[in-house]
Amino acid sequence: MRELLHATMSAVQAAARCLRGATFLTLPDEFGQARRLRPLSDRSSRLLAVVRLTSIVALILLTLDSAAARATDRLIFTQVPVRTGRASAGAHADAASAWDLSAGSRIVAFDPSTSRNSVTVLTSDFSAAGRPDLSFDGKRVLFIGRHNADDPLQVWEMNVDGSNLRRVTDGSGSVREAIYLSTLYTLDAEVPFYRIAFDSDACGMPGGCLYTCRLDGTDVRQITFDPNGVSDPYLLSDSRLLFSRWSGAEVAGSSQTGTGGTGLLTVHIDGTDVFPFAAMHEPPAVRSMPCETPDGWVIYVESPVGSPDRGGSLVAVARSRSLHTRRVLASDPDGLYYAPFPMGDGNLLVSYRNTTTTSGGSYGIYTFDRSTGTRAARVFDDPRWHDIDAVVVQPRRVPAGRSSVVDERLDHGFLYCMNAYISDRDEGKAISPGRIKRLQVVRAGSGGAQAQGGPGRPGIGEELLGEVPVEADGSFFLKVPARTPLRLRTIGPNGEVLQAMRSYIWVMPRENRGCIGCHEDRELTPPNRHVQALRNAPHAVGIDAERSRRLGREYEKSESR
Amino acid sequence: MTASRLKVLTTLSTLVVLSTLGDVRAQSDELPSYVGQAVCQECHSPGHGRRPCLLGTIAEHNRAYQTLGKLEAGHIALVSGVTEKPEESRICLGCHATGSDAGPRWMRSTFNIADGVQCETCHGAGSLHVATYSSSGGNPSFDRKRRISRGNRSECVACHVNRPSHQLVLEQGYRVPPVHRLYKTPVNLVVSPDGGLLYVVCEHGNSLIVVDRKTRRVLDEITVGKRPHDVAVSPDGQRLYVTNRQSDSLTVIDATSRSVVTEVPVGDEPHGVLTDATGKCLFVVNTQEDSISVLDTKTLTEVTRLPAGCGPWSLALRPDGNFIYVTNVRPRPGRFRESPRSEITVINADQGIITTRFIAADANMLEGVAFIPGTDVALITLLRTKNLVPITRLAQGWTITNGLGIVWPDGRVDQVLLDAPADHFPDPMDVAVSPDGKYAFVTSGGSDQVAVVDVGKLLSMITAASDRDREAIFPNHLGTSTQFVIKRVAVGRNPRGVVFSRDGRFAYVANSLDDSVAVIETTGYTVVNQIDLGGPDEITEIRRGERLFHSADNAFGRQFSCRSCHPDGHINGLTHDIEADGVGLSPVDNRTLRGIVDTGPFKWEGTNPSLSRQCGPRLAVFFTRLHPFSPSELTALARYISTIERPPNRYRPSEGLTLAQYRGKVVFERTVANDGTLLRPEQRCVHCHHGPYQTSRGKTPIRNKMWFDELVDLEFFDLFDRRSFGELGMYYYLQTGRPPNVLDVPHLTNVYDSPPYLHNGSANTLEEIWTLFNIVDDHGMTKDLTRQQFNDLIAYLKSL
């Protein structure tokens with residue numbers, strides 16, 4: 001922005017200098033000394049003044065445009081072909097659907113310093129390609145693509161100039177997005193190792209799941225198990241993986257079905273500790289395409305539920321207090337924002353299209369001034385293409401890595417709660433001490449809540465895994481199957497359900513997942529108490545005891561080595 | 001206290017001491033002293049008929065002492081946290097000389113310590129042996145066995161082991177860079193009464209730096225004692241008082257001439273210092289002694305010593321001048337697995353007595369304290385460590401939260417957090433309130449920031465809140481701080497002390513690991529200057545490690561640093577529930593980091609052979625949860641930790657062990673019980689606790705496992721009250737024949753200053769180790785000890 005301002009000021013100063021010289025033409029003589037020419041006639045003067053003013057305006061416009069380009073350095077982005085003659089809704093659909101890149105989509109490079117509206121195609125061999133993510137050193141690009149229209153989209157990697165293309169994943173499902181992660185470290189690893197994350201429908205859940213793998217595509221691990229489906233992974237600077245999760249009733253906070261939209265959650269890159277991040281108690285909408293600015297704000301796009309195009313308003317929350325700092329950065333009734341990207345100065349690159357045109361418009365790339373909430377300048381726009389997912393080619397800081405207790409050799413994890421009476425929900429607050437007697441653990445079956453209408457409703461395919469006692473202080477301690485979507489219900493003295501989770505959680509192998517209460521205030525910290533449940537062995541629920549023992553023995557044997 | 005009363009007290013004390021010395025002389029005849037090798041050789045040499053020593057390397061052993069004078073010895077001392085000269089260090093002398101454990105009092109005039117490792121190292125002090133032989137008239141059949149140890153080659157390993165410090169210096173050629181001595185490390189500061197000068201205490205520089213506040217330039221640097229911590233200025237501005245935590249002293253400085261007037265002794269590890277409103281009385285908190293010295297500023301003598309809480313840290317004078325509040329970093333001893341309760345000690349400044357003790361529940365590490373001008377309300381910095389909650393995650397403030405306490409005149413202590421949900425405020429270390437009482441500045445040592453707190457908003461929020469909100473929500477809520485924290489200002493590395501200028505226009509922050517003072521302009525809360533205190537630009541490996549140790553950048557959400565549990569490299573007095581050995585099980589006592597490099601293996605399970613291992617993979621996986629330290633970071637961190645100094649032992653008189661301590665040493669080293677039966681090796685203290693650090697540096701089985709140390713079928717305990725964890729829990733293990741614990745043998749140096757004890761912190765005192773938790777005499781044979789023997793043993797342990 002500062003560069004832009006500087007360029008504008010230079011142009012204005014140049015214009016002022018020109019205007020001051022309106023009466024006389026001043027040219028250098030043969031010795032390089034300025035000499036004043038004789039005055040022109042009034043008519044000639046007026047003509048010259050018009051020419052001069054026109055030149056000044058053109059100069060300012062040119063300066064603004066080139067300044068904007070300079071502000072972004074080299075860009076890589078996706079171009080999705082605009083199909084002419086389609087209705088606005090159709091334009092929405094083919095413009096920027098995050099779920100399926102249409103045929104002809106491609107990744108291009110654009111260098112504002114050398115070209116204007118001229119791009120270099122980096123994925124010419126692909127039937128469709130898009131969603132570029134830049135490596136931390138700014139030298140490689142991760143993207144999804146397919147050579148043939150019938151192939152599933154997979155993860156690929158290439159250098160920023162398009163060379164050294166290689167395929168990373170080779171799974172059965174179709175990948176929608178892939179990003180670089182920082183390092184993961186486990187006790188059985190020699191050193192921390194880099195991974196990538198991607199969302200894929202290989203898990204069979206309608207909305208898809210998040211996976212991670214090594215950079216060479218090996219060691220694939222599923223890290224989300226929510227039957228509602230997740231998407232839009234983004235690595236925060238503090239090592240958490242932010243993602244968008246479809247919800248049924250949870251977001252709505254009521255019993256309405258199928259219109260939950262998405263909320264933003266975080267999970268560690270080892271799949272542990274899934275936790276709400278933002279938009280958990282707000283009106284239904286789709287929150288997607290999050291990114292984090294250097295000053296700690298997370299920007300995402302919010303669009304109405306049911307909109308085929310996920311373009312919408314730009315919303316910001318502070319990473320440090322994401323559940324309570326929501327503010328709308330830009331909401332334009334005449335247009336849609338798409339795929340914000342944080343620039344080093346705290347401002348954004350963002351795609352925008354004007355929806356008031358008859359064709360529905362095409363996305364172009366703009367700089368966005370966060371302080372004013374406006375698009376500052378157009379960087380690139382080719383009306384034949386939707387220009388989206390822009391990234392600036394430059395190194396960026398590597399987010400913190402993760403050290404993990406997860407051990408893939410085991411099949412169970414643990415879940416403990418400090419006090420089930422702690423709750424911020426009305427029904428939870430109304431439970432008097434001592435009333436919670438037991439706890440039911442329910443596992444989600446196949447199928448997704450999004451398709452079926454939300455957790456707990458007919459068709460979701462739930463199975464009661466078991467029922468265990470709750471201690472007098474409200475604590476409980478469970479040993480549960482890992483990598484399994486679970487819901488918990490507290491049961492009263494007469495067998496009545498006192499409180500039921502509206503969404504699913506899971507534990508990873510060897511994870512000790514701790515909860516303070518049953519849907520407590522998410523900013524509450526645990527009371528410093530040694531709770532009764534932790535004085536005993538955990539209650540095993542839904543565990544194949546023999547298999548678990550065998551794995552445990554093998555595990556201990558390997559640990560002792 | 002009147003002068004005449006003081007005289008009487010002094011006289012009485014002298015009489016007591018003299019009578020004790022007389023007692024020593026009288027009874028020491030029954031206890032062996034060291035006679036020296038020359039006396040031994042009078043008989044035990046080839047020409048005298050007695051069997052000479054079979055050891056063929058006597059001469060080499062004798063030269064061991066000489067090596068302590070070499071340059072390398074100084075470097076070894078530096079990298080192993082030894083504060084004394086090697087020739088004077090009990091640790092070094094433990095292997096390089098004889099009799100150092102007992103001290104000069106127990107060395108006869110014939111003994112020469114410069115003879116290095118002598119006969120009595122293996123055979124024990126020989127005076128009784130010599131005396132018995134003499135009294136027998138030279139009869140060769142006198143009862144030698146009762147008077148001298150035969151010596152055992154297996155004991156050689158107490159010294160002949162690989163020591164990381166020695167390997168580092170002697171084999172790898174490591175040298176502490178000379179520039180390392182030049183760091184300043186400013187920790188606390190004060191503004192002169194006229195507002196013109198800033199006095200900055202520099203812990204590493206062992207100095208007080210005088211800064212011109214107007215020009216922001218260093219005017220002078222005054223050398224004080226070792227590791228100064230705090231400074232107070234007399235109300236008239238003429239005198240400066242600096243506490244020296246390593247020297248256990250107070251340096252008195254003439255402010256006009258900027259010269260040291262005198263250095264007077266105080267208690268163990270003095271930290272905070274403060275004068276009363278009149279300037280007549282001086283209060284010094286002795287952190288490791290849990291006491292407060294009250295000094296007369298005229299005579300500079302200690303008038304009285306008051307009992308503080310645990311780990312008194314700093315002080316503040318109430319604006320009316322009547323009371324002084326003292327913060328305490330360690331919680332009071334309590335029941336096992338009770339949440340920590342820390343004390344704010346209240347002193348009547350006029351009478352020099354403690355009037356009351358306020359309690360901050362669920363809090364520890366109470367450090368900074370400041371009153372809000374014009375009120376009787378004080379603010380204190382604190383941690384709310386969740387030591388009873390398993391460390392299984394860090395989100396939601398799961399492990400440590402950081403906050404402020406509001407101490408009301410009636411003793412109520414409300415608490416609020418300075419953390420945000422994903423951005424903590426680690427290690428709040430000091431607080432200062434602006435002269436107009438509107439703003440409080442709090443330093444965060446772990447995040448290099450200062451929080452600007454709107455005091456009005458804070459107090460309004462609390463006074464308007466319900467009791468439930470005050471007691472249960474605010475102390476545990478990560479979102480509350482947005483209501484009263486206006487801004488976080490980035491200052492320098494590891495900010496500690498903070499002070500306002502007299503006019504309140506500026507605040508000054510000691511950036512301890514940048515050797516600078518940040519100047520914050522208080523209208524815009526921006527740093528307008530960094531005053532360079534003159535430390536070197538070069539950052540040594542040790543210094544880099546020190547920065548890592550004090551930074552929370554390597555913990556998820558910047559929740560804590562190493563220092564959060566190890567203030568001054570020591571302990572926080574808590575036990576923690578670590579995930580690795582089971583949730584809810586096996587709580588582990590936090591152990592000191594002072595002078596530990598040669599005491600490995602580490603961890604209570606003894607599974608980490610080196611500091612690098614200790615701070616490496618498992619720390620990242622089970623504590624910080626972010627990427628582990630890089631190899632170079634790990635080396636730097638381990639290097640720094642190894643240099644954390646072990647303060648001199650205050651229970652150990654410079655002239656040597658007292659009579660009781662020496663008797664305790666005899667009990668410690670005994671091989672036969674009181675009834676004459678031979679003790680099994682594992683029943684002897686020295687079997688595991690030997691060598692200069694009193695550790696075998698290995699693991700040993702010990703039957704002090706309790707029911708919460710391991711996951712077992714607890715139906716048995718359903719019949720009982722599980723809270724009676726002690727004997728009942730151990731009884732279960734003993735009766736069922738379950739395997740004993742295999743634990744690291746802890747070193748015992750300065751063991752007196754690191755309660756609680758045992759691997760799970762279940763013993764609040766040294767005495768409780770045996771009175772409550774040694775049911776079958778598996779942790780040394782103690783059931784036959786007389787009360788005096790037991791007390792002597794404790795006295796000896798405290799001297800180690």
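This is a predicted model: local features need pLDDT of at least 70, side-chain atom pairs count only at pLDDT 80 or more; totals for chains, interfaces and linings use all residues.
A residue counts as buried when its relative accessible area is under 20%, and as partly exposed when the value lies between that and 50%.

Start with the disulfides. The count over all chains is two. One is in chain A, where A:Cys203 is joined to A:Cys209. Their sulfurs lie 2.1 Å apart. The torsion about this S-S bond is about 90 degrees, so the link is right-handed.

Now turn to chain B. Here a disulfide connects B:Cys95 and B:Cys159, with an S to S distance of 2.0 Å. The torsion about the bond is -95 degrees, and the link is left-handed. B:Cys95 belongs to helix α5 (residues 90-96) of chain B. B:Cys159 lies in the loop between α7 (127-135) and α8 (164-171) of chain B. The pair therefore ties together parts that are 64 residues apart in sequence. B:Cys95 has 16% relative accessibility, so it counts as buried. B:Cys159, at 27%, counts as partly exposed.

A disulfide needs two cysteine sulfur atoms within 2.5 Å. The cysteine sulfur closest to that of B:Cys40 is in B:Cys119, 4.0 Å away, which is too far for a bond. For B:Cys565 the closest cysteine sulfur is in B:Cys562, at 9.0 Å, again too far for a bond. B:Cys40 is buried, at 18% relative accessibility. B:Cys565 is buried too, with a relative accessibility of 18%.

Next comes a helix pair in chain B. Two packed helices are described by the angle between their axes and the distance between the axes. Helix α15 (residues 659-669) of chain B packs against helix α20 (residues 787-799) of chain B at an angle of about 100 degrees. Their axes are 7 Å apart. Angles of 65 to 115 degrees count as roughly perpendicular, and α15(B) and α20(B) are therefore roughly perpendicular to each other. On the α15(B) side, the contact is made by B:Ala660, B:Gln661, B:Arg663, B:Gly664, B:Lys665, B:Val667 and B:Phe668. From α20(B) come B:Gln788, B:Gln789, B:Asp792, B:Leu793, B:Ala795, B:Tyr796, B:Leu797 and B:Ser799. By residue class, this contact holds seven nonpolar, five polar and three charged residues.

Key. Residues are numbered from 1 along each chain as its sequence is written. Chains are lettered from A and ligands numbered from 1 in the order in which they are written. Side-chain values use heavy atoms; hydrogens and water are left out. Axes are lines fitted to C-alpha atoms, for helices over the stretch in contact, and angles run from 0 to 180 degrees between N-to-C directions. Helices (H or I, at least four residues) and strands (E, at least two) are DSSP runs, numbered from the N terminus. Angles under 35 degrees count as roughly parallel, over 145 as roughly antiparallel, 65 to 115 as roughly perpendicular and the rest as oblique. Contact means heavy atoms within 4.5 Å. Ala, Val, Leu, Ile, Met, Phe, Trp, Tyr, Cys and Pro count as nonpolar, Asp, Glu, Lys and Arg as charged, and the others, Gly among them, as polar. Buried means under 20% relative accessible area, exposed over 50%, partly exposed in between (1.4 Å probe, protein chains only).
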